[in-house]
Amino acid sequence: MSERLGTTPKDAAAIILLRHDTNPDNPEVFWVKRSDKLAFLGGFHAFPGGQIDAGDAEVDVRNAPNPETAAMISGAARELFEELGVLAARGGDTLTKGQRTSLLDDLEAGRMSWQALLKHYELYLDADDFTYVGRWVTPPFNARRFDTWFFLVKCPPKQEPNVIAGELASGEWLPARDAYDRWMNDQVVTVPPTLHALRTLGAGIAPDLVERFLSIPHAHGEPARRITFRPNYICFPVRTPTRPPATHTCCYIVHNSKEMLVFDPGSPYEEEQQALAECIDEMIGEGREVREIILTHLHPDHVGGVNALKEHLGGNVAVAAHAQTAEALQDVHVDRFIEDNDVIALAGEPAIRLRALHTPGHALGHLCFHDEDRGVLLTGDNIVGVGSVLIDPPQGNMREYLKSLERMRSLPNLTVLLGGHGPAVAAPYQKIDEYISHRLEREQNILEAVRAGASTPKEIVERVYTDVSPKAHAMAERAVLAHLEKLRDEGRL
Ligand SMILES: [Zn+2]
C-alpha cells in the first residue's frame, strides 16, 4: 500500500499571515520565497510553515476543539515565530521587539523549548486567533510529502514579519491579487494550496471566506491531481512502474485557449489512464483540441498510456517524437517526427511556442522542449524533481548526456524546469550545475579508483559509491560503465 501511494505524509502546518487593518477587498498577505537550497520546494513562493515537532502538542492552546488541532496551531505558531519572528501569542503585546528577539534566540539555541518559553513569559495561544482554512496533502509523486494544515492569522499590531536567514530567501507583504498576478505573469513558481489561498483572498474578505477556502476536496486532504506550477502548464502525475524513489511520471498538458499538447501519458494502469482522460475531456469541453501527443523519450514509464489515450480521443490524434524514439518503439506508432530545433506553436491565446531540443544521453532520441517566452523547460528525464537520472549503456551515453546538460545550461532566462518525475525545479541553473558537477565528480573518483587498481565496475562501485545503499549497486555499475565509456571515448583511459 505505502509503495503504491508513495511515502506517508508528515504532519505540517502553515500560516497565511494577513496584514493588520488591511483592505478587505484585496487583503495583503505575507508570502515568502523558499531558499533555493531546500530539498522540499526550494525556490518556490509559499507561506511560512513547516513540520510539526513532538513538543508542539505540549503547548497551552486555549479554545481548541481537540488536542490534534491544538498541536497543529502550536506548530504553526512556532514556525511563524522561527521563520518570521512574529509571535502570535496572547500576552505577547507587552513584549518589546528586543524581548521577542531574545526569546527567539533562546528557542533557536535550544535554551528553552517552545512550551517552556511561552509559559515562562506567561503567554498562551488562543485557537480563536487561528482560523482553520484547510488541510492539503502533497500528491504522491513527491518522495517528500506533507499533510499541511493551513491557518489564517492576523499579524498582531506592532509586529512586523522579518525573514530570518536560513530556510527562506525573502518575503514581502503584497495584496493577494497582485501575488496571484505574479504567478499569472510567470514570475513565480508555486503549489496549488498557495494559489488557492491567493485566489480566495483576492476575491475579498467576506463572511463566506472560510467556506470558500474549504469549497474544494483538495482543502480536505484529497491530493490535487492537476498541479499548476505555472499557468498554461498542467502537471498531471500518473502512477507508473518507474524507478524508486519515483512512483509517478509527470504527464504535462501544455495548453492555451484553443489547443493542448499532451506530453508523456506514461501510465499503463487503467484507472490512471481514466483520470487523465477525464482531465483532458474537461479541457476539451472548455473549447480546446488536443493538437498532439508528444513523447520526450522511449522509456516505458513515459509511453505506457499513449495508445489508450489515442484510442480515447477517437484515434485521430497524432503522436509525435524523435525519429530514433519512433524506431525503437514497437507497440506505439509515431505519426510525426520531431527534429532538433523544430518549433511547435499553439493556435489560440496566449501564444505558446515550444522549441524542441534533441538532448540524448539518458535515452536515444530524447527531447526537451523550451518555452523561451516563459522561461519554461520541459526536461523529460534529463533533469527530474525526485530521484536521480540513470545513464544505462548502450541506450544511455554519459558523454552525450553531459553535452545535453551543457546545452540546457546555455539556454537564456530559464525560470523553471518541469521534469519527468517529481515537482518542478524553481532554481534551474543551480540544479543543472549540480547535475553537471555531480557527474564530473563521480567521473574523477572513478578515474582515481581505476588508477588505484580497481578493474571491474563492481570494484569501482565499492570504492566510489560509498554514499549509495548496496541495494542500488547493480544500478551504479551501469552508471560506472557509462562513465568508463566516456573516459575511453575521450582517450583518457
Ligand atoms: Zn526515462
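Select β12 (residues 248-255) and β13 (residues 259-263): these two strands form a hairpin with three residues between them. Strands here are DSSP runs (E, at least two residues), numbered from the N terminus. The model is predicted, so local features need pLDDT of at least 70 and side-chain atom pairs count only at pLDDT 80 or more, while totals for chains, interfaces and linings use all residues. Residues are numbered from 1 along each chain as its sequence is written, and side-chain values use heavy atoms, with hydrogens and water left out.

Two strands count as paired if DSSP finds at least two bridges between them. Pick Ile-253, whose bridge partner in β13 is Val-262.

Show the side chains of β12 next. Eight of its eight residues are buried (under 20% relative accessible area, with exposed over 50% and partly exposed in between; 1.4 Å probe, protein chains only). His-248, Cys-250, Tyr-252 and Val-254 point one way, and Thr-249, Cys-251, Ile-253 and His-255 point the other way.

Move on to the open sheet of five strands, in the order β17-β18-β19-β20-β21, with mixed pairing. At the edges are β17 (343-346) and β21 (416-419); each has a single partner strand, so one side of each is left without a neighbour in the sheet.

Finish at β20 (residues 376-380), which runs parallel to β21 and is joined to it by four bridges. Select Gly-380 and its bridge partner in β21, Gly-419.
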